[in-house]
Amino acid sequence: MSLSSRRVTLPAVMPITLQKWVIKVYSEDDTSRALEVPSDITARDVCQLLILKNHYIDDHSWTLFEQLTHTGLGRAIEDHELVMEVQSNWAMEEENKLYFRKNYAKYEFFKNPLSFFPDHMISFPNETSAAVSHSGVLQMFLSSSTYPEIHGYLHAKEQGKKSWKKLYFLLRRSGLYFSTKGTSKEPRHLQFFCEFSNSDMYMSLTGKKIFGAPTNYGFCFKPNKSGGTRDLKLLCADDEQSRTCWMTAIRLLKYGMQLYQNYMQPYQGRSGCSPLNVTPMRSISENSLVAMDFSGHRSRIIENPTEALSVAVEEGLAWRRRGCLRLNSHGSPIAMSNMGTCELIHCQRNAIAGSFNKGKMFFKIVISTAIHRSQSWFHHKISREEAQRLILQHGLVDGVFLVRDSQSNPKTFVLSLSHGLKIKHFQIVPLEDDGKLFYTLDDGHTRFTDLIQLVEFYQLNKGVLPCKLKHYCARIAL
């Protein structure tokens with residue numbers, strides 16, 4: 001019996017290629033950029049791609065935002081979320097957008113939990129000791145065995161009605177509940193409101209206007225495959241601290257350890273956009289902002305605020321004499337074609353001012369009133385409400401700021417600053433003394449020849465402000 005041999009042909013192993021998609025990402029000034037990306041790209045990967053393409057400094061605060069235009073809802077997309085899955089939940093007729101901006105509060109609760117979980121809104125299981133530190137609270141949120149309870153009053157929009165009702169809510173591991181009898185926590189009085197596995201949480205940016213919300217501190221839950229506004233579960237808090245506590249606790253409940261991994265491993269991605277092959281850039285922190293004196297043989301730290309201010313004024317004057325080509329805060333040179341008339345006058349003033357002393361004084365005043373326009377933290381002619389919206393979108397972390405023109409007094413400016421989960425506004429007043437123009441925040445006790453010096457000083461010293469200036473709100477262009 002002979003055995004015949006047969007050749008068996010195995011199918012060739014085909015490489016798996018990911019489908020390419022084109023997404024459009026917008027910046028604060030509504031410029032946009034189209035990107036060809038793989039189908040499994042995450043939000044962090046998109047941010048890393050834009051950081052590299054635009055040569056921005058990566059301080060781990062860049063975030064991709066989802067904006068639902070018709071409903072006025074927005075949220076920061078978590079770093080690990082797949083962008084294609086986010087867009088697959090959009091209806092064809094909706095004009096939703098992805099925005100690329102900074103969010104300094106993204107993981108702030110890991111650094112400063114005290115600001116996010118006030119004692120009157122949180123309680124612990126009976127078996128837990130009463131004395132729990134705020135870092136211990138985070139450990140409990142990330143634990144699978146125990147979970148703290150968040151409780152307090154919220155306004156809820158009644159389904160199918162225009163009216164809102166104030167109810168006592170409780171957040172537990174199984175979901176969000178409200179009490180049908182005052183503040184009772186008995187199971188027979190608790191009614192289920194929402195769970196989070198198949199829905200996303202959004203901040204309501206225009207809740208009063210669109211939904212008639214009783215306060216400005218709204219948020220809501222939208223099912224992933226929502227059919228419209230009728231499926232939204234709308235809530236609003238009485239203040240920003242309460243809203244921040246609820247939204248932070250719900251994020252921790254929904255994502256758990258994944259959030260901590262995002263925070264600890266900012267470069268981990270799925271689509272090959274990891275910057276392991278890229279030289280890391282130094283992040284900017286408050287600790288790096290110190291006044292230094294390099295005039296002698298050895299450098300030294302200037303600890304005296306008065307001396308620091310004197311050095312800052314002297315350096316500011318010398319700095320402006322070094323030429324017109326300057327770098328903005330993102331590391332991109334400001335071209336001459338982008339400079340305003342006043343800056344061009346500044347470049348030519350040495351040739352003109354020698355003949356006209358009066359003209360020289362005029363040019364100096366013009367320069368000091370216009371040099372700040374090239375700075376990323378300056379926002380020309382925006383309203384108080386727009387300033388508050390920008391700061392809110394960048395995260396209510398202490399020290400987030402911008403400078404803008406005053407609407408009530410055209411000759412003055414306003415410093416808008418976040419502190420203690422509130423946005424405060426400080427008027428910058430121009431003063432003229434002996435033909436020289438100065439700017440001040442404290443009725444002339446501390447004076448600056450231009451707004452750049454003022455901002456740099458308060459980045460080093462808090463002075464009359466509640467905190468130092470730390471992070472600026474910028475309208476970047478893609």
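**Exercise 1.** How many of the 12 residues of helix 1 are buried?

*Solution.* The model is predicted: local features need pLDDT of at least 70, side-chain atom pairs count only at pLDDT 80 or more, and totals for chains, interfaces and linings use all residues. Residues are numbered from 1 along each chain as its sequence is written, and side-chain values use heavy atoms, without hydrogens and water.

Step 1. Take the cut-offs: buried is under 20% relative accessible area, exposed over 50%, partly exposed in between (1.4 Å probe, protein chains only). Helices are DSSP runs of H or I, at least four residues; strands are runs of E, at least two; both are numbered from the N terminus.

Step 2. List the buried residues: Ala43, Arg44, Asp45, Val46, Cys47, Gln48, Leu50, Ile51 and Asn54.

Step 3. Conclude. The count is 9 of 12, so helix 1 is largely enclosed by the rest of the structure.

**Exercise 2.** Check the length of helix 1 (residues 43-54).

*Solution.* The expected span is 1.5 Å times one less than the number of residues. Just after the helix, histidine 55 has a positive phi of about 60°.

**Exercise 3.** Which elements do the buried residues of helix 1 pack against?

*Solution.* The strands are strand 1 (20-26), strand 2 (32-38), strand 3 (62-68) and strand 5 (97-102). The helices are helix 2 (83-88) and helix 7 (257-264).

**Exercise 4.** Classify methionine 264 as buried, partly exposed or exposed.

*Solution.* Methionine 264 is found in helix 7. Its relative accessibility is 46%, so methionine 264 counts as partly exposed.

Technical notes:
Contact means heavy atoms within 4.5 Å.
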